[in-house]
Amino acid sequence: MSRSLSFECLRYAAILVALAITLVPILWMVSMAFKPVAEWQATGSDLTWIPKDPTLDNFRYIFGESSSNLIVALERTAVKPILSSLLSATLGTLIAMSAGTAAAYGLSRYGTGANLPLALLQLRLFPPMAVMIPVMVMWSWLGLMDSWYGLALIYGIVTLPFAFWLMKVFFDDMPREIEEAAQVEGCSRWRVFTRVTLPMMRAPLASAALFVFILNWSDYLIALLLTTREWVTIPVYMASLSSSMTGQLYGAKAALGLIAAVPPVLLGIMIQRHLVRGLTFGALRQ
Amino acid sequence: MSAIRLENLVKRYGSFTALRTMDLLIEDGEFMALLGPSGCGKSTTMNMIAGMERPSEGRILFGDRDMTGVPMGRRGVGFVFQNFAIFTHMTVRQNLSYGLRMAKLPQAETERRTLAIAEFLRLTPFLDRRADGLSVNILQRVAIGRSAVMEPAIFLLDEPLSNVDAAFRAVMRAELKQLQRQFRQTMVYVTHDQLEAMTMADRIAVMDHGVLQQVGRPIEVYNDPVNIFVATFIGAPGMNLLKGRPVQTDRGLAVDLGPLGISPPLGSAQACALRAASGEVIYGFRPEQASLAPPGEGIPGSVTFEERIGARSIVHLGEGSTAFRAVFEKDVPLAMGDVAHVLPHPDAVRLFDASTGRVLKG
């Protein structure tokens with residue numbers, strides 16, 4: 001049955017509006033990243049979607065090469081912040097996923113009552129602001145300030161409830177009989193978990209890990225408070241891209257933003273097949 | 001060696017008793033069906049035999065060995081689940097050989113046995129397919145194969161055919177029976193489908209509300225139910241049960257069925273049973289063990305509904321407490337509203353105590 005023409009028109013109009021709202025800012029960032037100083041400082045009719053004089057100057061600039069148009073020298077390049085973000089977000093995701101998965105499995109299979117899972121979840125209810133200053137004190141006492149591993153640790157802790165809750169829902173949905181079948185065949189509990197349960201959970205694990213990674217990757221507040229110089233992350237570094245002479249370095253920020261978008265997008269594409277399955281995991285044959 | 005003996009088995013969940021003192025001996029090489037409605041305790045019994053659940057009281061013995069505290073991996077039983085429990089991330093071959101690989105058998109042996117069971121269950125074309133894309137019918141074969149390949153002395157099946165389609169169910173009934181004949185395992189088969197139990201089992205254990213009601217060969221359970229639960233649960237439709245009182249007629253002892261009049265005179269065995277009874281009795285006969293009779297001879301009832309299944313027809317007669325059914329293998333000249341007189345075969349009549357529901361024996 002085909003729907004009426006006017007309905008189809010409305011449908012596409014709605015899709016177009018939604019796309020515009022999400023894509024225009026991103027496309028604008030892409031465009032800005034390739035514009036020379038004169039163009040991203042332009043106003044009014046001088047503004048164009050396509051750079052008139054496309055350049056890689058912005059990228060060269062944040063990686064420390066001098067640029068003909070930007071005379072302001074950078075205190076430090078984007079290399080270390082990118083490394084810092086990659087290291088802390090990845091290790092933080094590993095911590096959250098391994099601890100969260102283990103906790104979720106244990107509580108899903110052996111746990112009783114609803115309070116313990118909820119208690120873990122309530123970690124998430126604290127506004128990060130409320131706990132960050134005490135955390136700062138603790139971290140400085142432990143010598144974890146301004147280090148990628150200190151940052152990774154707090155990322156792991158903060159996103160743990162998220163990983164835990166996602167995985168718990170997935171484990172609860174997985175038919176227990178599959179594990180019992182393996183046990184009847186003489187498989188130990190640990191082997192059941194590593195050889196049967198986890199491989200069957202690949203899709204949910206991948207999607208949960210991606211969500212956790214994105215959370216860690218886009219953090220600003222925690223990194224702002226726990227890093228000072230050496231290991232600032234991309235968002236913190238991005239905020240510092242300005243100078244008294246030129247004001248906000250929008251072109252450089254756009255270039256950095258473009259780089260920052262790469263890892264999540266790549267990861268997303270890599271696990272795309274799993275992502276759809278992971279989100280529809282409940283559809284397992286019961 | 002692999003007889004299963006359940007001794008005083010009890011299972012409680014908190015204050016709820018799922019299974020009350022069950023005693024059952026399943027002989028070596030026997031095909032035993034645990035039959036009953038949902039929630040009767042049959043799956044609980046099965047899970048305790050497999051070791052997935054621990055009994056609250058009682059013992060489970062395989063042969064002479066007490067297995068009560070032995071974990072499920074070391075009981076050496078095969079288990080087929082209702083929802084197949086296939087490892088979807090593996091191929092059919094990997095699923096079938098899983099237990100053999102767990103047991104660390106030599107590779108050649110693993111390969112040989114995997115291929116043999118695949119051949120037996122006609123799974124050879126699917127060996128290298130991943131399990132998550134296969135149809136329900138094939139998945140259930142894989143599940144059966146995965147357990148059978150281990151050649152367990154005890155094979156437990158928990159409603160294995162309830163998720164597959166009707167045509168395939170008929171095929172599998174024959175194949176399972178053949179499998180058991182070939183390997184001579186002790187098989188315990190949980191089902192709520194009496195057709196499966198009747199066609200495959202050597203003996204049937206009928207359960208209800210956590211209580212074992214009757215154990216016997218299918219024909220025994222069908223012909224001589226011990227109580228009105230078994231009488232109505234076995235048979236499709238179940239046994240007709242009509243309330244009445246003993247009465248002496250000039251043609252012998254009979255049952256006064258109230259509004260339905262006096263029953264046909266009882267045979268000698270039932271008459272003898274009736275003499276032992278006191279008070280109200282229940283007069284029972286199988287719908288398929290009756291024939292039409294001229295007025296004055298059978299039990300009268302007006303036709304309220306007729307179900308035709310091919311040549312077979314199930315005629316519903318009477319209403320409320322005096323309703324009963326009759327099954328005829330050939331076309332009968334009856335229409336809605338007609339009054340039919342149904343005469344139970346004298347040998348087919350069974351009498352039950354109205355207060356306890358137990359069968360009356362002479």
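A polar contact is a pair of N or O atoms within 3.5 Å; within protein, one atom must be able to donate a hydrogen and the other to accept it, and residues adjacent in sequence count only if both atoms are side-chain atoms. Keep that in mind for the views below, which all come from a predicted model.

**View 1. Here's where chain B meets chain A.** On the chain B side, 27 residues are in contact with 20 residues of chain A. Together the two chains bury about 1900 Å², and carbon and sulfur atoms account for 62% of that. Three residues stand out: B:Met72, B:His89 and B:Met102 supply 28% of the area that chain B buries against chain A, more than any other three residues.

**View 2. Let's zoom in on what links chain B and chain A.** How many residue pairs are in polar contact between chain B and chain A? The count is two, with both pairs at pLDDT 80 or more.

**View 3. Now look at the side of chain B that touches chain A.** Three elements of chain B each supply at least two residues here: β6 (77-80), α3 (98-102) and α5 (136-148). Which of them gives the most? That's α5(B), with four residues. Sorted by class, this side of chain B has 16 nonpolar, eight polar and three charged residues.

**View 4. Chain A comes in two domains.** Domain 1 of chain A runs over residues 5-63, and domain 2 over residues 78-283. Their centres, taken over C-alpha atoms, are 31 Å apart. Twelve residues from domain 1 and 17 residues from domain 2 make up the contact.

**View 5. Here's the meeting place of those two domains in chain A.** About 1200 Å² is buried between domain 1 and domain 2, with 84% of it from carbon and sulfur atoms. On the domain 1 side, α1 (5-33) and α3 (57-62) of chain A are the elements that give two or more residues. By class, that side has ten nonpolar, two polar and no charged residues.

View 6. An unreviewed UniProt entry carries the annotation "transmembrane region" for several parts of chain A, including residues 148-167 and 247-271. Residues 148-167 of chain A are 100% helix and 0% strand, with the end C-alpha atoms 26 Å apart. Residues 247-271 of chain A are 84% helix and 8% strand, and the end C-alpha atoms there lie 40 Å apart.

Key:
Residues are numbered from 1 along each chain as its sequence is written. Chains are lettered from A and ligands numbered from 1 in the order in which they are written. This is a predicted model: local features need pLDDT of at least 70, side-chain atom pairs count only at pLDDT 80 or more; totals for chains, interfaces and linings use all residues. Side-chain values use heavy atoms; hydrogens and water are left out. Contact means heavy atoms within 4.5 Å. Buried area is the accessible area (1.4 Å probe) that two parts lose on being put together, summed over both. Ala, Val, Leu, Ile, Met, Phe, Trp, Tyr, Cys and Pro count as nonpolar, Asp, Glu, Lys and Arg as charged, and the others, Gly among them, as polar. UniProt positions are given in the numbering used here, feature names are shortened, and annotations may be inferred rather than shown by experiment. Domain bounds come from an automatic or database domain assignment.
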